[in-house]
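Please read the points below with the sequence and the model open beside you, taking one point at a time.

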Amino acid sequence: MNSQTITADAAGTWKLGDLPVHRLGFGAMRLTGSAAFHLGTPSDRDRSIAVLRQAIDLGVNHIDTAAFYFSSLRCANELINSALAPYPDDLVIVTKVGPYRTYDGQWGTSARPEDLRGHVEENLRRLGRDHLDVVNLRRMPKYDSIAEHFGALAELRDAGLIRHLGISNVEPRHLAEAQAIAPVVCVQNRYALDRPDPVTDELLRICGEQGIAFVPFYAVAGEGGERGAVTAHDEEVRAVARAHGASPAQIRIAWTLHQGPHVLAIPGTGNPGHLTENVAAGAIRLTAGELDRLNGLRPAAG
């Protein structure tokens with residue numbers, strides 16, 4: 001496939017509440033360094049800014065970020081602001097709150113409900129916005145219920161600081177808990193071809209039935225997680241990739257998008273060439289036979 005001619009609209013569109021986005025978006029985590037958070041080495045600032053501008057040129061109108069996406073020298077939200085402000089009218093920036101990192105990069109105490117306003121204001125300040133399009137509450141393991149935290153965000157939405165709310169790292173019961181408080185426009189969970197998860201499979205189904213966007217993270221990285229994409233791919237993935245003249249990473253993105261029209265993909269990269277390939281993956285149409293071959297990998301990976 002000729003990745004150079006393909007833009008994000010090839011993946012189709014979905015809505016985050018009343019905000020239409022292309023189903024192929026961009027994750028900002030990899031902008032800050034060779035690996036996420038305090039791992040790896042800081043990125044080249046000019047290159048990261050160029051990647052963000054290239055994403056917009058390729059039709060990306062959905063960027064996923066967080067205030068805790070930073071390395072020793074780089075902050076994802078500051079890079080987004082520097083590269084893209086004044087922002088395109090159709091650009092939707094989604095951020096998340098809950099986890100907290102200290103200035104030296106270590107993970108701090110999980111936020112209490114009353115802390116979330118400060119998290120939201122930090123995102124507003126770094127992004128240079130007067131409101132946030134979508135804020136995901138990322139559930140922290142120490143809290144079994146998300147009701148108090150989500151309720152605090154709902155109050156900020158009512159105050160006009162947030163337009164729409166989502167949740168992350170959750171189970172179906174948490175979705176029901178949140179919906180009893182305020183509308184949920186997206187659910188963001190870890191989900192990948194080589195990482196079977198019956199609980200998240202159920203969330204995927206529920207979101208489809210209710211018209212809620214399901215947004216997997218680490219869909220390309222797989223078990224590599226925050227350290228980066230996996231380099232070892234099953235032969236079935238490689239065979240499908242060869243059939244499409246694509247890379248295994250592109251097939252992983254395509255498989256993700258094929259899980260339902262409500263599924264969005266937010267692959268992240270600080271590499272311009274990888275960005276072009278990631279966006280082009282939205283144009284790959286897998287056959288029923290290819291999907292069967294790929295789906296057959298999931299039980300074996302459990």
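Leaving aside its neighbours within four places in sequence, which residues is S71 in contact with?

1. In this predicted model, S71 is in contact with T32, F37 and P42, once its neighbours within four places in sequence are left aside. S71 belongs to the loop between β4 and α2, and its relative accessibility of 10% makes it count as buried, because the cut-off for that word is under 20%. With T32 there is also a polar approach, in which a polar atom of the S71 side chain lies 2.7 Å from the backbone oxygen of T32.

2. The next topic is the aromatic rings. A pair of aromatic rings is described by the distance of the centres and the angle of the planes. The count of aromatic pairs comes to five, and one of them is formed by F68 and W107, whose rings are edge-to-face, with 5.7 Å from centre to centre and 65° between the planes. F68 lies in the loop between β4 (62-64) and α2 (76-84), while W107 lies in the loop between β5 (92-97) and α3 (116-127), so this pair ties together parts that are 39 residues apart in sequence. F68 counts as buried at 7% relative accessibility, whereas W107, with a relative accessible area of 42%, is partly exposed. F68 and W107 also form one aromatic cluster together with Y69.

3. Another aromatic pair joins Y191 and W255, and here the rings are stacked, at 5.8 Å centre to centre and with 20° between the planes. Since Y191 is found in the loop between β8 (186-188) and α6, and W255 in helix α8 (residues 248-257), the pair ties together parts that are 64 residues apart in sequence. Y191 is buried, with a relative accessible area of 3%, and W255 is buried too, with a value of 0%.

4. How do the helices pack? Two packed helices are described by the angle between their axes and the distance between the axes. For helix α5 (residues 172-179) and helix α6 (residues 198-210), the angle is about 35° and the axes are 9 Å apart. On the α5 side the contact is made by P172, L175 and Q179, which meet V199, E202, L203, I206 and Q210 in α6. By class, the residues of this contact divide into five nonpolar, two polar and one charged.

5. The helices α2 and α3 likewise pack at an angle of about 35°, with their axes 7 Å apart. Here N77, E78, I80 and N81 in α2 meet N123, R125, R126 and L127 in α3, and the classes of the residues in this contact are two nonpolar, three polar and three charged.

6. Lastly, please look at I6, which is found in the segment before β1 (13-16). I6 is buried, with a relative accessible area of 13%. Although I6 and T276 are 270 residues apart in sequence, their C-alpha atoms are 8.1 Å apart in space.

Terms used: Residues numbered from 1 in each chain as written. Predicted model: local features only at pLDDT ≥ 70, side-chain atom pairs only at ≥ 80, totals over all residues. Heavy atoms only, no water. Axes fitted to C-alpha atoms, helices over the stretch in contact; angles between N-to-C directions. Helix = DSSP H or I, 4+ residues; strand = E, 2+ residues; numbered from the N terminus. Contact = heavy atoms within 4.5 Å. Nonpolar A, V, L, I, M, F, W, Y, C, P; charged D, E, K, R; others polar. Phe/Tyr/Trp six-rings, centres within 6.5 Å; stacked < 30°, edge-to-face > 60°. Buried < 20%, exposed > 50% of the residue type's maximum accessible area, 1.4 Å probe, protein only. Polar contact = N/O pair within 3.5 Å; in protein donor to acceptor, adjacent residues only side chain to side chain.
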